[in-house]
Amino acid sequence: MAGNESAAAPGSARREQHWDPGRYQRNAGFVAALGAPLLDLLKPRAGEDILDLGCGDGALTIRLIELGAKVVPVDASAEQVAAARARGLDARVMDGQKLTFEAAFDGVLSNAALHWMPDADGVIAGVGRALRPGGRFVAEMGGHGNVGRVVAVLTAALARRGIDAAPLNPWYFPDEAEYRERLERAGFTVDSMALIPRPTPLPGDVRAWLETFGESFLSAVPPESMGALLDEVAEALRPDLLGEDGVWRVDYVRLRFHARKPA
Ligand code: BEZ
């Protein structure tokens, strides 16, 4: 599942992430496939109204619908919403940091999207408004340390080119204490929360992963230098991320939680 499009903060050098649904399905189809634990945690009941926050191309939305839920899928990326609509879903373009729903849902599900939304309090406030009393907020996102090796190697490669990677980083990877505190401050009860290391096998090589997800970093180098940068980063990551079986595994760490709005 794709995250929401990352809106660059005013004055920062962070670039917008664009989603090419074809490339996403080739290089990131595993994202929805790995969403099963989230469905188990949400336990949607037939007929429940569920908001799929950051639905991407809608692959996980379809599984929610198969479980009997009535699902509204939203994503900030018009390209991903078009891909979801091509699957027959009534997906809408909406910024997850500015949700406009009022007491409309029994549950909000979000897979691999919240780390693209730096305004975490805006997200949580919008989810709180969107849920009915007693509604569940169930999500998985990148957590503290997520893709840490990739970020470190990219940062070093960009620094060798005189580029500071910090303001280019579009990702928000909180730890348990921070996100719990935000949820509780907004009135949620946290039923469960865990930080889960999950080295994740890629369908292709790490270059394709970087091209799919790392646009904000990569756009800082001119197109003619891109190949050399990708080669250098892949070479530096090879010892840690390429298995003897020839499979690249990215160092994902998930933050997964189940929270509830008071009844
Ligand atoms: C993630 O799902 O954790 C993730 C995906 C792409 C970039 C960064 C993180």
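Trainee: Leaving aside neighbours within four places in sequence, which residues is threonine 189 in contact with?
Mentor: Keep in mind that this is a predicted model. Contact here needs heavy atoms within 4.5 Å. Set aside the neighbours within four places in sequence, and the contacts of threonine 189 are His258, Ala259 and Arg260.

Trainee: In which strand does threonine 189 lie?
Mentor: Look at the strand that covers residues 189-201. Threonine 189 belongs to that strand, S6.

Trainee: Does threonine 189 count as buried, partly exposed or exposed?
Mentor: Buried means under 20% relative accessible area, and exposed means over 50%. Threonine 189 has 36% relative accessibility, so the class is partly exposed.

Trainee: How far apart in space are threonine 189 and phenylalanine 137?
Mentor: In sequence, 52 residues separate the two. In space, C-alpha to C-alpha, threonine 189 and phenylalanine 137 are apart by 9.8 Å.

Trainee: Which residue in S4 is the bridge partner of isoleucine 50?
Mentor: Start with strand S1, residues 49-53. S1 and S4 run parallel, joined by three bridges. Isoleucine 50 has its partner in S4, and that partner is glycine 107.

Trainee: What about the whole chain? What is its radius of gyration?
Mentor: The protein chain has eleven helices and seven strands. For 263 residues the globule rule gives 18 Å, and the chain comes close to that, so it is as compact as a globular protein of that length. The radius of gyration is 18 Å.

Trainee: What share of the contacts with a separation of 6 or more joins residues 24 or more positions apart?
Mentor: First, the burial: 52% of the 263 residues are buried. Then take the contacts in the protein chain with a separation of 6 or more. Residues 24 or more positions apart account for 76%.

Key: Residues numbered from 1 in each chain as written. Predicted model: local features only at pLDDT ≥ 70, side-chain atom pairs only at ≥ 80, totals over all residues. Heavy atoms only, no water. Pairing = 2+ DSSP bridges. Helix = DSSP H or I, 4+ residues; strand = E, 2+ residues; numbered from the N terminus. Rg over C-alpha atoms; globule rule 2.2 N^0.38 Å. Buried < 20%, exposed > 50% of the residue type's maximum accessible area, 1.4 Å probe, protein only.
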